[in-house]
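Let's take a friendly walk through a protein model together.

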Amino acid sequence: MWVYEKKLQYPVRVSKCDPRMAKFLIEQYGGADGELAAALRYLNQRYTIPDKVIGLLNDIGTEEFAHLEMIAAMVFKLTKDATVEELEAAGLGAHYANHDNALYYENAAGVPWTASYIQAKGDPIADLYEDIAAEEKARATYQWLIDMTDDVDLQDSLKFLREREIIHSIRFREAVEIIKDDRATKKIF
Amino acid sequence: MKANPEERVYSVFHSPFDPCPPKPYRTYVVPVNQFIVFQPPGLPQFSPAEALRHGTLWPALYSPYTSRKFKGE
């Protein structure tokens with residue numbers, strides 16, 4: 001089970017009215033390398049991974065939901081007061097036709113999230129390498145998102161999320177080292 | 001703008017028939033995590049407030065990033 005804390009992991013402040021940015025940020029909400037995919041990928045893989053690294057997948061998978069919530073806050077702030085005309089001008093006309101102002105798990109091009117974005121191969125090395133790649137892809141996505149806005153407050157939150165991807169990547173690579181290593185095991189033949 | 005030590009630069013082929021004005025170079029980032037196989041114990045730590053701001057407890061794992069919009073790229 002989870003214990004919910006009624007606050008964001010890191011503050012989200014959006015200082016510029018820029019609904020266009022919401023359309024791009026949604027990539028990290030419902031995209032292939034987004035936070036939803038990350039959370040579901042890790043929390044699902046943790047059942048079939050050596051004991052020593054289950055906790056890591058549990059913790060990182062949980063943190064990804066906190067990131068998902070931050071992205072949701074950004075998208076919501078950017079769209080909640082936008083008029084229909086403003087949404088249309090921001091490229092969100094199709095989104096409005098389908099969802100009004102509601103958030104939806106879709107990527108920046110409007111493609112709905114699908115489970116085929118994530119894998120569970122059951123092989124610990126294969127799964128951890130997928131996780132490492134996913135973190136680096138998410139880091140790159142955050143870089144491109146930071147490149148696309150000049151709102152320094154939005155950039156600040158995105159930079160925090162980018163740094164977390166870097167930390168998660170090193171933790172997954174440490175997990176690979178942990179499951180590779182059997183030098184500490186006493187072997188009796 | 002202070003140069004980002006994590007940034008790598010490479011030049012790309014330019015054809016005289018390229019339709020758009022050529023970019024002189026391309027950049028990408030190699031974050032600090034690529035140089036640490038397993039984090040050693042006892043690394044220096046940020047204060048809690050600094051750690052929240054940086055997104056990591058350890059200065060050795062902090063990776064700065066500047067928007068290309070601000071760099072004019």
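How many residues does helix 8 of chain A have, and how far does helix 8 reach from its first C-alpha to its last? Keep in mind as you look that this is a predicted model.

## Helix 8 of chain A

Helix 8 of chain A runs over residues 152–180, which gives 29 residues. From the first C-alpha to the last, helix 8 reaches 42 Å, close to the 42 Å expected at 1.5 Å a residue.

Buried here means under 20% relative accessible area. Now look at the start of this helix: a side-chain oxygen of A:Asp151 comes to within 2.9 Å of the backbone nitrogen of A:Asp153.

## Helix 7 of chain A

Next, find residues 124–148 of chain A, which make up helix 7. This helix has 25 residues, and its reach from first to last C-alpha is 36 Å, close to the 36 Å expected at 1.5 Å a residue.

Which residue caps the N-terminal end of helix 7? That residue is A:Asp123, with a side-chain oxygen 3.2 Å from the backbone nitrogen of A:Ile125.

## A tyrosine in a loop

Move on to A:Tyr47, in the loop between helix 3 (35–45) and helix 4 (51–79) of chain A. Is A:Tyr47 buried or exposed? Its relative accessibility is 62%, so A:Tyr47 counts as exposed, the cut-off for exposed being over 50%.

The side chain of A:Tyr47 is joined to that of A:Arg46 by a polar contact of 3.2 Å.

## Where the two chains meet

Finally, turn to the interface, where 26 residues of chain B are in contact with 27 residues of chain A. The area buried between the two chains is about 2100 Å², and carbon and sulfur atoms give 54% of that area.

One salt bridge is found across this interface. It pairs A:Asp147 with B:Arg68, and their closest N and O atoms are 3.8 Å apart. The chains also share 15 residue pairs in polar contact. On the side of chain B that touches chain A, helix 1 (48–54) and helix 2 (68–71) are the elements giving two or more residues. By class, that side has 13 nonpolar, nine polar and four charged residues.

Key. Residues numbered from 1 in each chain as written. Chains lettered and ligands numbered in written order. Predicted model: local features only at pLDDT ≥ 70, side-chain atom pairs only at ≥ 80, totals over all residues. Heavy atoms only, no water. Contact = heavy atoms within 4.5 Å. Buried area = accessible area lost by both parts, 1.4 Å probe. Salt bridge = Lys/Arg side-chain N within 4 Å of Asp/Glu carboxyl O. Polar contact = N/O pair within 3.5 Å; in protein donor to acceptor, adjacent residues only side chain to side chain. Helix = DSSP H or I, 4+ residues; strand = E, 2+ residues; numbered from the N terminus. Nonpolar A, V, L, I, M, F, W, Y, C, P; charged D, E, K, R; others polar. Expected span 1.5 Å × (residues − 1). Buried < 20%, exposed > 50% of the residue type's maximum accessible area, 1.4 Å probe, protein only.
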